[in-house]
Amino acid sequence: MYIERLKGYVTNLAMRLGHAPKACVVTFGCQMNARDSEKLLGILKTAGYDETEEEKDADFLLYNTCSVRDNANQRVYGRLGAVKNLRKGNPDMRIALCGCMMQEQTAIDRIRTGYSFVDLIFGTHNIFKFAELMCTLFQNPGGMVIDVWQETDQIVEELPVERKFSYKSGVNVMFGCNNFCTYCIVPYVRGRERSRAPEEILDEVRKLADDGVIEVMLLGQNVNSYGRNLDEPISFAKLIQQVEQVEGIRRIRFMTSHPKDLSNELIEVCAASDKICRHIHLPVQSGSDALLKAMNRGYTRERYLDLVSRIRSAMPDISITTDLIMGFPGETDRDVEDTIDLIRQAGFDNAYTFQYSKRTGTPAAGFPGQLSDEAMKDHFDRVLKVVQETARESCARHEGETDVCLVETLSDHDGGLVTGRLSNNLLVHFPGDESMIGRMYEVRLEECRGFYFLGSRTNAAEA
């Protein structure tokens, strides 16, 4: 109902402008935010907006924000400062903010006082109300519309979607988090865990497959705890087995996995599957038992390394990546060495390494032993050096191998090359053209370039 009403407002705006209004959606943060942005853009395009990637050309500009680290907030404030002049040059321009950052009252208060030209603010729990909120914006021009829910038990997924890729898509299987890691704001802004019914997920996957999607990524803050809060509980392993049965789906990925909840059942299902990709992202955050306890991670380094060993025993060809936080309050040189030792023992294929970001509202923000910027950078640099060394070594081991890749895009550096992703998440660049995007080919990995490969097709036919 509200989308139809919104179409009327957009039609009137287009008549006044003399052209279809343009919308720009800018995404900060995780894969779940990216999936939310596809829905938001889908609503805008259904209502009559044309898409633009240029903020300066937008009649409606939406920032989908992230609040995992403080610098994500600062980036948004910086963008808003730059956009203020665009708004002056285009009085018809409307600016909206949504996402995790908008669940923080301090952020809303700052925007109210410092960025009063913002027109619309909403949070993570009510994006399904977007068309209704847009109607309110058209009905009451000149005022700031704020609609933020602190929590919800609702899951509304039947929304228009404008997918970024025709051949792959994220699928939300659950929302929220119950873990309350002491450094993390997510449970406060995304709420408690809520799982979608398996029938709804499978129906969405079938529709995606019918629309040409061959790879799906099952998304949740902690997919390993999927299904526990359903009226009829089901494990994530059981769900993923059902997704495997969907005709047309050739690849299945998932993220993120919490180490304390990754089950032997899931390992067995992954090992037996031809569709589940040989890549697991398994955030460890630290190699120090003392810091893992302070972080409230729910496992020890020994238990984590045992899990890695069990995964590699079941799937020798698996790629394991991780997240690391350096500079957590109280971190010592010994803690850094423990983390470096864990990196080498685990043999990570890559690690996303971050400096600790003090987040107001989390327990760790009040912990003693907050490190100076200099100490934090020193710890970060020491670990990053080892991460880069082990990642290069891991990548180089695949030189000369033959594997199947899904072509995702033209190469950013050479128009005569395409970029494909292997099941283990490695990238390979090889000769090709735009017609190959979204198709799978067998390639030979010929030259390791540190973190990716140059290669060639073994034959012209699709794999």
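Me: How is a charged surface patch to be read in this predicted model, and which residues form the negative one?
Reply: Patches are made of residues with over 30% relative accessible area and no salt bridge, and like charges are joined within 9 Å. In this predicted model, Glu-199, Glu-200, Asp-231 and Glu-232 form a negative surface patch. One of these residues, Glu-200, belongs to helix H7, which covers residues 198-210, and Glu-200 is partly exposed, with a relative accessible area of 42%.

Me: What should I look for in a salt bridge, and how many does a search of the whole structure find?
Reply: Side chains of opposite charge can pair when their charged atoms come close. A search of the whole structure finds 33 salt bridges. One example is the pair Arg-35 and Glu-204, whose side chains meet at 2.7 Å, N to O. This pair links distant parts of the chain, since Arg-35 sits in helix H2 (residues 31-47) and Glu-204 in helix H7, 169 residues apart.

Me: Are Arg-35 and Glu-204 buried or exposed?
Reply: Both Arg-35 and Glu-204 are buried.

Me: Which parts of the chain does the salt bridge between Asp-341 and Arg-301 tie together?
Reply: The side chains of Asp-341 and Arg-301 meet in a salt bridge of 2.7 Å, N to O. Asp-341 lies in helix H12 and Arg-301 in helix H11 (residues 301-314), so the pair ties together parts that are 40 residues apart in sequence. Asp-341 counts as partly exposed because its relative accessibility is 33%, whereas Arg-301, at 14%, counts as buried.

Me: Where do the partners of the salt bridge between Asp-349 and Arg-312 lie?
Reply: The side chains of Asp-349 and Arg-312 meet at 3.8 Å, N to O. Asp-349 is buried, with a relative accessible area of 16%, and Arg-312 is partly exposed at 24% relative accessibility.

Me: How should I read burial, and why does Thr-339 count as buried?
Reply: Buried means under 20% relative accessible area, and Thr-339 is buried because its relative accessible area is 1%. Thr-339 is placed in helix H12 (residues 333-346). Leaving out residues up to four places away in sequence, Thr-339 touches Ser-286, Gly-287, Ser-288, Leu-324, Met-326 and Val-383.

Methods:
Residues numbered from 1 in each chain as written. Predicted model: local features only at pLDDT ≥ 70, side-chain atom pairs only at ≥ 80, totals over all residues. Heavy atoms only, no water. Patch = residues over 30% accessible without salt bridge, like charges linked within 9 Å, V, L, I, M, F, W, Y side chains within 5 Å. Areas by Shrake-Rupley, 256 points an atom, 1.4 Å probe, with all protein chains shown as cover. Salt bridge = Lys/Arg side-chain N within 4 Å of Asp/Glu carboxyl O. Lys, Arg positive; Asp, Glu negative; His and termini not counted. Charge placed at Lys NZ, Arg CZ, Asp CG, Glu CD. Helix = DSSP H or I, 4+ residues; strand = E, 2+ residues; numbered from the N terminus. Buried < 20%, exposed > 50% of the residue type's maximum accessible area, 1.4 Å probe, protein only. Contact = heavy atoms within 4.5 Å.
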